[in-house]
Amino acid sequence: MTSVSEKRKVPLLDMRALHQPIREEVLAAVTRVIDSNAFIMGEDVKLLEKAIAAYSHVPYAIGCASGSDALVLALMAAGVQHGDAVLTTPFTFFATGGSIVRVGATPVFVDIDPLTYNMDPQGLEEAIRRTPRAKAIMPVHLYGGCADMDPIMEIARRRGCMVIEDGAQSIGAEYKGRPAQSIGDIGCISFFPSKNLGGFGDGGMVLTQDEAHAKKLAALRVHGASKKYFHEWVGINSRLDSLQAAVLRVKLQYLDSETSGRQKNAARYRENLSGAGLPIVLSSPAPYQTRHVYNQFVIRTSKRDQLKAHLGENGIGTEIYYPLSLHQQVCFSDLGYREGDFPVSEKAAAEVLALPVHSALSEQDVDYVCQQIRAFFA
Ligand SMILES: *Cc1c(COP(=O)(O)O)cnc(C)c1O
C-alpha cells in the first residue's frame with residue numbers, strides 16, 4: 001500500500017508547470033512594458049489585437065477587461081436593450097446570462113444537446129417562435145467545442161437576430177473548418193487564467209467582421225468616445241492592460257502546441273476508458289467539430305459526487321462545470337422558470353465531471369486518472 005505522501009498528484013490545472021518554460025520570455029515582455037510607461041492601450045494591446053484577429057480569421061479584434069465585459073460590450077454594440085430578449089443556453093458560466101441582464105434585456109433559455117452540451121438548434125427553433133422580442137442569440141462553445149452554428153445562423157438570419165458567440169472557452173476551436181468566433185456577428189473571448197489562452201489576471205477580446213461594429217466596440221470600451229472626450233455613446237471603462245497583452249502575446253506563440261497536448265490527453269482518456277464497460281458517458285466531438293480545443297475534458301456519471309470524492313482522495317483534481325443551470329439560479333428566479341424546464345441541462349449539471357487535461361500532464365498522469373476511475377467502479 002502506498003501512503004498518502006507517496007501518491008501521485010494530478011492537479012486539474014498546473015500553472016507552475018505550464019509557466020516554467022516561458023518564465024524568462026514573459027519576464028522580458030513585462031519588463032519592456034514597465035520601461036515603456038505605456039500601461040493603458042499601449043503597443044502590446046494593438047499587436048495582440050492584430051495577432052488574435054489573424055488567428056481567428058476576422059478583420060477586427062478589440063481588447064477589453066474581461067470575457068464578461070466582452071459579452072456586455074457585444075450586446076451593447078448589437079443595440080440590445082431594455083425590453084429585448086436574448087436566446088441562450090442555461091448550461092454555461094454565469095456571465096453568459098448575467099451579461100444579458102446587465103444590458104437590461106431578458107435571457108430566454110434553450111435546452112442543450114446531450115452530447116455536445118451546447119444549445120440545441122431544434123430547441124432554439126421552438127423557443128424563438130414563442131419570443132416576439134427576440135433581438136439576439138448567444139450560443140456558447142462550451143468546454144472548447146462548438147455549438148452547431150449553421151442551423152443557429154439560419155434561424156437568426158430568418159428572424160433578423162444578431163448572433164453573439166460566447167467563445168470564452170473556445171479560442172482556436174473550429175466548426176467545419178472555420179474558427180469559432182468568426183461565424184456569428186460578434187465573437188467574445190476570455191483571457192481568464194484558466195482559459196486556453198490565459199493571462200496573469202483578467203482580460204478579454206471582442207471579434208467581428210463588421211467595420212461599423214468594430215468602431216462602436218472600440219468606442220464603447222472607453223466610455224463611448226470615438227475621439228478622446230467626445231462621446232457618441234454611453235459606454236463603459238473596459239480596457240485591456242498592456243501588461244496582460246504583453247504576457248498574452250508570448251503565450252499565444254505556445255497556444256497551438258498546448259492545444260495539441262490537450263487533444264492528445266483527451267484521446268488517451270478515450271482509448272483508456274471506452275469499451276471498458278464503465279457506467280460513464282464519454283461524449284465525442286460532433287461530426288461538424290473539425291477542431292476541439294478541450295478547455296475541459298468532461299465525463300458524466302450518475303455517481304459523479306462519489307467519483308469526485310474518490311479521485312480527490314487519490315490526489316486528482318476535478319471540477320464541476322457547472323453544478324446549477326442558470327434558470328435555477330436565485331438571482332434569475334423572477335424569470336419564472338422552474339425545475340424540469342430544461343431537463344437535459346439539469347441532468348448534465350448533476351452528472352458532469354471535468355478531468356485534468358492540460359498539456360503539462362504526462363501519459364502516466366492520464367493513465368493514473370483512468371486507473372483510479374476503474375478502481376472506483378470495480
Ligand atoms: C470564463 C467565461 C466567461 C467570462 O469570462 P471572464 O474573463 O472570466 O469574465 C463567459 N462565458 C463563459 C462560457 C466562460 O467560460
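Helices are DSSP runs of at least four residues, numbered from the N terminus, and a residue counts as near a molecule if one of its heavy atoms lies within 4 Å of it. With these two ideas in hand, we can walk through this structure, which is a predicted model.

We begin with the ligand, which is surrounded by 17 residues, the closest being G67, S68, Q169, S190 and K195. The residues of this shell divide into 7 nonpolar, 8 polar and 2 charged. Two helices, α4 (67-77) and α5 (94-102), each supply at least two residues of the shell, and α4 gives the most, with 3 residues.

Taken alone, the ligand exposes 380 Å², of which the protein buries 94%. The space that the ligand takes is the largest pocket.

Turning now to the strands, we find an open sheet of 3 strands in the order β7-β6-β12, with antiparallel pairing. Its edge strands, β7 (178-179) and β12 (289-291), each pair on one side only. Strand β6 (residues 174-175) is joined to β12 by 2 bridges, and the two run antiparallel; E174 has R291, in β12, as its bridge partner. In general, the strands of a sheet pair through backbone hydrogen bonds, either parallel or antiparallel.

Notes:
Residues numbered from 1 in each chain as written. Predicted model: local features only at pLDDT ≥ 70, side-chain atom pairs only at ≥ 80, totals over all residues. Heavy atoms only, no water. Pairing = 2+ DSSP bridges. Areas by Shrake-Rupley, 256 points an atom, 1.4 Å probe, with all protein chains shown as cover. 1 Å grid on protein atoms, 1.4 Å probe; cavity = no way out; pocket = protein on both sides within 12 Å on 5 of 7 lines; lining within 4 Å. Sits in = over half its atoms within 2 Å of the grid points. Nonpolar A, V, L, I, M, F, W, Y, C, P; charged D, E, K, R; others polar.
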